[in-house]
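Visitor: Please take one part of this structure and look at it closely. After that, show me how the rest is arranged around it.

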Amino acid sequence: MTETVTIRKRAQPKKRGSWSVYPYLFIAPFFVLFCVFGIYPILFSIVLSFQEWNGAPGAQQFVGLDNYTQLLRDNLFWESMFNTVTIFVMHFPIMMVAGLGLAVILNQNLLRFQGLWRALIFLPQLTSMVAAGITFRLIFEGQSGIANRLIGYFGISPVPWLDDVWWARVAISILLVWAWTGYQMVLFLAALQNIPPELNEAAMVDGANRWQVFWKITLPFLRPVMIFMLTVSVIGTFALYTEPTILTGGGPIHSTTTPTMEISGQAFANLKYGYAASLSYAYFAVVVVATVLQNRLTAWRRS
Amino acid sequence: MTGKISGDNSAVSRANKALLYVIVIGFCAFTTFPFVWMLLASVKPLEEIFGRNFLPINPTFENFKNLFTQMNALRAFFNSALIAVTSTVLSVLFCSLGGFGFSKYNFKGKTFLFSLMIGTMTIPFVVGLVPTFIMMRNWFHWIDTPLPLIVPGLANAFGIYFMRQYMDGVPNELLEAARIDGAGEPTIFWRVVTPVVVPAMASLGIIFFMASWNNFLFPSIVLRSPDNFTLPVMIASLQGSAGRTPYDLMMAGSVLSVIPMLLVFFGLQRYFYAGITAGGVKG
C-alpha cells in the first residue's frame, strides 16, 4: 500500500498545476531587476526631459517642451549627430569589406595557421578601449608618433591626426576598424559554415567560377548577418563613448563629440539633468527611426 | 569546406595564394601592432616613449613599479576583478534560471513576457543613464561602491535569450526522468540541467566577464574615490593629471588590464567564438 501511495505522489508533479509557480520564480530575477533598473529609469527619463533640474533635492522645475526646443537650436546636438554619421560612413564599409574578405579567405582551408590568424585579428575585441585609446594616442602623436614615421617611409608628409577636425574623425574610424573587424569576421565565418557545401559544389560543377559562386550563392546567404551588423553598428556608433573620450577627448572643436558624450557631459559636468534626458530621448528617436527605415529598406529590396 | 573544394587547391595559383597570405598577414600586423607598441612602451622610460627608437634602449620595469607604488594599481586590479567575477557568476546563474524557465515550462503570459524581454534589448543604455545615476545616488546611496556596476546587470535579456536557445536542446526526457525519481524543480535545474549546459554558461560568462572588465562609461560616473577605481577608470584618471600626461604609467596600466583577458582568451578560445556568434547568426 505505502508503495503505491509514494509512487502516486511522485508521479503527481507531472501534472502542470503543482509546479506552475516555479517558472515564474525562475524568470522573476530578470523582471524584478528590469522593473527597477529598466522600466523605471526610462519612465523617469521622460518626466525628467520636461523638467529643469540641477540634481539638488526638490529643485525640479517643470518647463514643458523647453528642453526639446532648446535642443533643436543647440549646435552641439547637431554637431554630435553629424559626427556620428560621419564616423559611421568612414568606418562601417571598410570594416564590413575587411571582415567579409578575411572570413572568406580563412574559410577556404587554403592557408596554414588559420586559427592563429583568426585569433590575431580577433584580439582587439578583448582589449579595454581605454587601453586601446591611449595606445592609439601615442601612435597618432603628431611629432614622434609611429604612424607619421611609418607613412614618412613612403614619402608622405606628417598628418595632424589628432589636431585636425577631419583627421581626428579618421583616427577614430581607424580605431573602430581595428577594434571591430575581428568581430565581424568571426560572425561571417560562422555564417559561412552554415552554407551547405553541396550548393557551392553543384554550382562549380555547373561551370560557375569562384566569383559567380561568391556573388550568387555566398552573398545572399550572408545577407541576414550583414543586416544584423548594420543594425548593431548604427546603434553602436550612436553609443560611442570610450573611444573618442580617450583618443581625442571629443575634440578638436567638438569634431568627435558623440551623442553619449554630449549626454553625459550635460548631465554630469553641466548638471543639466533635464536637458540631458531630453537629449537621450532625441537620440533614441533617431536610432529607432534609423532602425525602422533600415528594416523597411531591406524588406523592400527582398521583395 | 573540405573534399572537392580543397581538392580544387591547384586552381588557386601560387601567386594568388601568396597574395592571400599578404592580405591576411598584413591585417594581422595591423591588429597586433598596437599591442606590441603598448608592450614596448610599458618598459620604456617616458623620454624614450617619445623618442625615435623602436625598441627600448634601457628596458625597465620601473613603470610597473611606479604604477603599484604611486597609483595603488593593485587595489584597482582587485576592484576590477571583484566586480567582474561577482557580476559574471551571479549573472550567469540568473540568466540560466531565466533561460530554463522560458525553455522548459509553459505558463500563462510566457509569450508576452518573452517578447517584452527581447524588446528591452533594443533600448540603448544611454536612455536610462541619467535616471539610473540619480537612483543610485538619491535612493540607494550606492555612489562610490561596486554595487551599481553589479546589481542592474544581474539578469540581462541577452543572457536569458542565449541560455534559452541552449536549454531548448536539452532533452525533456531527462527532466521527466528526474521528476519520476521525485526530484523537485530546483533540484532538476541544479542537478540535471546545469551540468549539461556548462559550455553555454562558459560562453556567456566570458562575454559578461569581458564586458565588465573593460567597462568604462558607468564606472567612470559612479566611482569617485581612487581607492574604489577599477583599472580602466584608474588609467583614464591619469590622463587628467597636471603637467605632462604620464604615458609611462598609462602604458604599464594598459598592459596590466589587457593581460588577464589574453590569458582567458587563449585558454578558452572556443567558448569566446561560440558566445560571440550566438548573438549574430540568430539575431
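Guide: Helix α4 of chain A, residues 75-106, has 32 residues and reaches 46 Å from its first C-alpha to its last. That is close to the 46 Å expected at 1.5 Å a residue, where the expected span is 1.5 Å times one less than the number of residues. Helices here are DSSP runs of H or I with at least four residues, strands are runs of E with at least two, and both are numbered from the N terminus. Within α4(A) there is a kink of about 25° at H91(A), shortly before the proline P93(A). The bend at a residue is the angle between axes fitted to the seven residues ending there and the seven starting there.

The model is predicted: local features need pLDDT of at least 70, side-chain atom pairs count only at pLDDT 80 or more, and totals for chains, interfaces and linings use all residues. Residues are numbered from 1 along each chain as its sequence is written, while chains are lettered from A and ligands numbered from 1 in the order in which they are written.

Now the chain around this helix. Chain A has 13 helices and two strands. Its C-alpha trace spans about 95 × 75 × 40 Å along the principal axes. The radius of gyration of chain A, taken over C-alpha atoms, is 26 Å, whereas a compact globule of 303 residues would have one near 19 Å, by the rule of 2.2 Å times the number of residues to the power 0.38. Of the 303 residues of chain A, 38% count as buried. A residue is buried if 20 or more other C-beta atoms lie within 10 Å of its own, exposed if 12 or fewer, and partly exposed in between, with C-beta atoms placed from the backbone.

Helix α6 of chain A, residues 129-139, is mostly covered, with eleven of its eleven residues buried. Among them are M129(A), F136(A) and R137(A).

Two loops of chain A come next. L240(A) lies in the loop between α10 (210-238) and α11 (242-247), and it is buried because 23 other C-beta atoms lie within 10 Å. Leaving aside neighbours within four places in sequence, L240(A) is in contact with T258(A) and T260(A); contact means C-beta atoms within 7 Å. The C-alpha atoms of L240(A) and M261(A), 21 residues apart along the chain, are separated by 7.8 Å. H254(A), in the loop between α11 and α12 (259-269), has a phi near 60°, a positive value in a residue other than glycine. H254(A) counts as partly exposed because it has 16 C-beta neighbours inside 10 Å.

Chain B touches chain A through 80 residues from chain B and 81 residues from chain A. On the side of chain B, the largest share, 15 residues, comes from its helix α2 (residues 14-42).

The largest nonpolar core has 134 residues, and those with the most contacts inside it are A171(A), L175(A), I160(B) and L204(B). Such a core is a set of buried Ala, Val, Leu, Ile, Met, Phe, Trp, Tyr and Cys residues joined through C-beta atoms within 7 Å. Helix α8 of chain A, residues 165-193, gives the largest share of this core, 16 residues. Beyond neighbours within four places in sequence, the contacts of I160(B) include F30(A), C95(B) and F102(B).

Note on methods
Two residues are in contact if their C-beta atoms, placed from the backbone, lie within 7 Å.
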